[in-house]
Amino acid sequence: MFPVYVISLADEQLRKTAIKNHLEERGFECEFFDAVDGRQMDVLSHPGYDGPRRMAAHGRHLKGGELGCILSHRGIYQKILDEGHEHVFVIEDDARFDADTKEVLESFLAKNIPYDMVRLLGSEKVARGKHRKILPLYKGHHLVRLRTSPGGTHATLVSRTGAKKLLESTQKFAFPIDTILGRAWETGVDWYSIQPGLAVQDLDFESAIGDDRHDKTNPLNGVAKLKFKLTRLRFKIAEALGKARVYWGNYWNDKAVAKNHHQTPPP
């Protein structure tokens, strides 16, 4: 059995009780990891924050809550390395899981497939998106390679090698952690997903990092706004190329994984 760490703010007792009870119903025992409350932090003064890159890509700075989330996940990755775990299930306290989650993850680990991270993304949008089925796991669930890089940090299975790569690649940051997790062309993290999805977020709880991160207002004007249109276009093109490079660049690796487990090679 692998360790299960739940990231939660120290004073969020209702959320802690809810996720603990839910995980016990799903067959997991968990340990809580105190999240960094970044809502009042000064993002611009943090030494790891790359403000110019962020502004070029999005035209607005990260919010304090997003900074706290990045620092919380970095803390988990450091804990994985310090304690020498090979596999850790990292969960945010608003995650909710399919009844077969434990068995599906155990099925995956039993195959001894090298990996850095498995993201449990259960949204309908992800399910509808293009993905490559690699091999079957438990009760109709498949290990897959997604064509895109959706956000979502609510549930990830992380290996020791993945934790090391993520810790190194987040020393400097310009994006929220859920965006960073998807940017394998930059981090070098080899990540898979599982479909049908295993985890969703419980939207009955208000966001613990603040809803101001959803503010898409662009404060720029004049020449700065015109310049942003160009840097934004460059960012989107680079992102599209990066997604394609990861998906198609892993074709032969995914084919080898399927072949080694006696599956039909993926399309």
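Helices here are DSSP runs of at least four residues, numbered from the N terminus. With that in hand, let's tour a predicted model and look at a few of its helices.

**Salt bridges within helices**

How many salt bridges does a search of the whole structure find? The search finds 19. Three of them are set out below.

| Pair | Closest N to O | Helix |
|---|---|---|
| Glutamate 83 and lysine 79 | 2.8 Å | H3 (residues 64-83) |
| Glutamate 239 and lysine 236 | 3.4 Å | H9 (residues 222-249) |

An α-helix has 3.6 residues a turn, so residues three or four places apart point the same way. Glutamate 106 is partly exposed, at 33% relative accessibility, while lysine 102 has a relative accessible area of 18% and is buried, because buried means under 20%.

In H3, glutamate 83 and lysine 79 are also four residues apart, about one turn of the helix. Here glutamate 83 is partly exposed, with a relative accessible area of 39%, and lysine 79 is buried at 16%.

In H9, the spacing between glutamate 239 and lysine 236 is three residues, again about one helical turn. Is glutamate 239 buried or exposed? At 11% relative accessibility, glutamate 239 counts as buried, whereas lysine 236 is partly exposed at 38%. Salt bridges with shared partners join these two to Arg53, Arg183 and Glu186 in one network.

Now for H1, which covers residues 13-25. Which residues of H1 are buried? They are Arg15, Lys16, Ile19, His22 and Leu23. Looking down the axis of H1, you would find these buried residues within an arc of 140°, so they line one face of the helix. Strands E1 (4-8), E2 (31-34), E3 (87-92) and E4 (95-97) are among the elements that cover them. Leu14 and Glu25, on the other side of H1, are exposed. After the helix comes glycine 27, with a positive phi near 90°.

H10 (residues 251-260) has Asp254, Val257 and Ala258 as buried residues. Seen down the axis of H10, they fall within an arc of 95°, so they line one face. They pack against strands E6 (131-136), E7 (142-146) and E9 (191-195). The face turned away from this buried side carries Trp252, Lys259 and Asn260, which are exposed.

How values were computed:
Residues numbered from 1 in each chain as written. Predicted model: local features only at pLDDT ≥ 70, side-chain atom pairs only at ≥ 80, totals over all residues. Heavy atoms only, no water. Buried < 20%, exposed > 50% of the residue type's maximum accessible area, 1.4 Å probe, protein only. Helix = DSSP H or I, 4+ residues; strand = E, 2+ residues; numbered from the N terminus. Arc of directions from axis to C-beta. Contact = heavy atoms within 4.5 Å. Expected span 1.5 Å × (residues − 1). Salt bridge = Lys/Arg side-chain N within 4 Å of Asp/Glu carboxyl O.
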